[in-house]
Amino acid sequence: MNEIKRVLIVGSGIGGATAAYALRRVGVDVHCIDIKTETPMVGSGICMLHNAMRAMASLDLAQACLDSGYHFDAFRQFDSAGQLLRTNPAPPSCGIRRPELARILETAAEGAGAIFDRGLTVQSLVNRAEGVDVRFSDGREATYDLVVAADGVYSRLRQQLFGTDCSPRFAGQSVWRFNAPRPAEVDAFCLFRTASGRTVGSFPTSQESCYIFYLENSPEPLRVPEAEAHLLIRERLSEFTAPAIRASLECVTQPRQVIFRPLDITLVPAPWHRERVVLLGDAAHAPTPHMTSGGGMAIEDAVVLADCIAATQSGQAALELYSNRRYERCKTICDASLQLCRNEQQDPLGNREKSAALLLSTYQFLGQPI
Ligand SMILES: Cc1cc2nc3c(=O)[nH]c(=O)nc-3n(C[C@H](O)[C@H](O)[C@H](O)COP(=O)(O)OP(=O)(O)OC[C@H]3O[C@@H](n4cnc5c(N)ncnc54)[C@H](O)[C@@H]3O)c2cc1C
């Protein structure tokens with residue numbers, strides 16, 4: 001039995017909530033906190049690739065995702081007017097709305113006995129060889145055997161314990177995202193392309209809904225006036241006359257329906273722990289979204305961390321094993337994602353074949369056991 005018996009997870013996003021459930025399943029007491037007061041009920045969609053679904057299946061949660069989401073296994077390419085150009089096989093994937101995924105993970109974790117505290121953060125932390133003393137933002141104090149920093153790409157705990165060398169850096173693109181009712185033709189991972197290589201992507205997130213994204217190049221991070229986001233996305237996509245895109249845009253009438261953010265990335269060198277604090281998910285490795293894999297990597301991290309704790313006796317041995325099992329795999333995904341991002345920025349048309357080959361080989365890599 002491992003000496004790690006009581007864990008604090010900071011951040012209840014995809015990685016933190018999965019870790020809460022995976023750790024409860026191996027008998028660890030879990031306290032999971034999030035600075036946000038509640039699980040957001042809006043939010044875009046996410047594509048869970050074959051490896052993410054395999055990790056969810058190992059937690060007996062794959063079917064719940066498929067029940068709420070939408071299974072697909074094809075790529076469809078359209079021109080900007082909506083003419084279907086080709087269909088290729090894609091890895092079996094599940095598109096799902098993020099709030100639905102959060103609900104599935106949190107319900108499972110709470111049902112298994114994990115304690116969630118929202119609207120709470122770590123005010124200060126003393127990381128000792130014997131335990132971590134935490135003072136919370138509401139003044140409470142507690143000591144844990146392990147703290148899992150699952151607080152995302154802008155992780156404060158990473159900054160505190162690993163310094164600023166791994167601070168996120170801008171990858172040269174920003175992303176616009178929104179949800180819409182699913183048009184019949186969006187029944188797979190769909191890309192709509194103009195003759196100059198500008199691309200809009202869409203995939204189903206349930207029988208009724210789909211998710212649309214558009215990546216925009218810029219040498220510096222773009223700042224957009226939030227109140228005009230709905231007008232700006234319409235302007236940017238005016239060249240796309242495909243009925244599926246026009247119908248989706250018709251539904252975007254409020255700025256809050258559009259999520260805009262620059263793509264900031266990071267990869268922390270192994271090992272991912274300092275004494276008794278360990279990084280998980282985007283806090284350790286935030287790729288660009290081109291491989292649709294950051295969430296899947298966070299889910300895999302959680303499964304592997306629980307596995308390492310269950311398989312070893314000392315806390316340090318578990319944490320070393322965890323970094324060893326995760327680092328190279330996550331680096332491969334971060335590198336491939338960034339290469340795809342650069343290919344798009346440099347020459348989207350000229351690099352199309354190269355990018356397709358990289359995507360395919362990385363999907364195959366993702367199929368390897370974790
Ligand atoms: C445009 C885009 C599209 C993407 N598409 C996909 C996709 O299709 N498939 C896929 O697998 N991945 C995708 N990803 C990646 C995926 O979203 C991330 O990898 C994933 O959300 C990481 O999960 P996480 O739990 O590590 O971090 P997050 O989801 O960022 O969660 C971090 C949590 O920590 C909380 N928090 C932050 N700071 C504190 C603090 N100080 N104290 C307490 N709590 C705190 C936050 O409130 C949040 O709930 C995409 C990413 C982007 C940007």
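**Notebook: salt bridges and the ligand shell**

I began with Glu130, which forms a salt bridge with Arg128, and I noted 3.1 Å between the closest N and O atoms of the pair. The model is a predicted one, and I read every distance below with that in mind. On accessibility, I found Glu130 exposed at 58% relative accessibility, whereas Arg128 is partly exposed, with a relative accessible area of 29%. I then looked for salt bridges that share partners, and I found that they join Glu300, Asp301, Arg326 and Arg329 into one network. Searching the whole structure, I recorded 18 salt bridges.

Next I turned to helix H4, residues 98-111, in which Arg103 and Glu100 both lie. The two form a salt bridge whose closest N and O atoms are 2.8 Å apart. They are three residues apart, which means that about one helical turn separates them. I noted that Arg103 is partly exposed, at a relative accessible area of 42%, while Glu100 has 18% relative accessibility and counts as buried, because the cut-off for buried is under 20%.

I also looked up the pair of Arg140 and Asp117, a salt bridge with 3.2 Å between the closest N and O atoms. Arg140 sits in the loop between strand S8 (132-136) and strand S9 (141-144), and Asp117 belongs to strand S6 (residues 115-118), so this pair ties together parts that are 23 residues apart in sequence. Arg140 itself is partly exposed, with a relative accessible area of 40%.

I then moved to the ligand, and asked which residues of the shell around the ligand are the closest. I counted 30 residues surrounding the ligand, and the closest are Gly15, Asp34, Arg98, Thr121 and Asp282. By class, the shell divides into 10 nonpolar, 12 polar and eight charged residues. Helix H1 (14-25), strand S3 (45-48), strand S11 (169-181) and helix H8 (294-311) each supply at least two residues of this shell.

A polar backbone atom of Gly15 is 2.8 Å from a ligand oxygen, and a polar side-chain atom of Lys36 lies 3.2 Å from an oxygen atom of the ligand. A polar backbone atom of Gly296 is 3.0 Å from a ligand oxygen. Finally, I noted that the ligand taken alone exposes 1000 Å², of which the protein buries 87%.

Note on methods. Residues numbered from 1 in each chain as written. Predicted model: local features only at pLDDT ≥ 70, side-chain atom pairs only at ≥ 80, totals over all residues. Heavy atoms only, no water. Near = heavy atom within 4 Å. Polar contact = N/O pair within 3.5 Å; in protein donor to acceptor, adjacent residues only side chain to side chain. Areas by Shrake-Rupley, 256 points an atom, 1.4 Å probe, with all protein chains shown as cover. Helix = DSSP H or I, 4+ residues; strand = E, 2+ residues; numbered from the N terminus. Nonpolar A, V, L, I, M, F, W, Y, C, P; charged D, E, K, R; others polar. Salt bridge = Lys/Arg side-chain N within 4 Å of Asp/Glu carboxyl O. Buried < 20%, exposed > 50% of the residue type's maximum accessible area, 1.4 Å probe, protein only.
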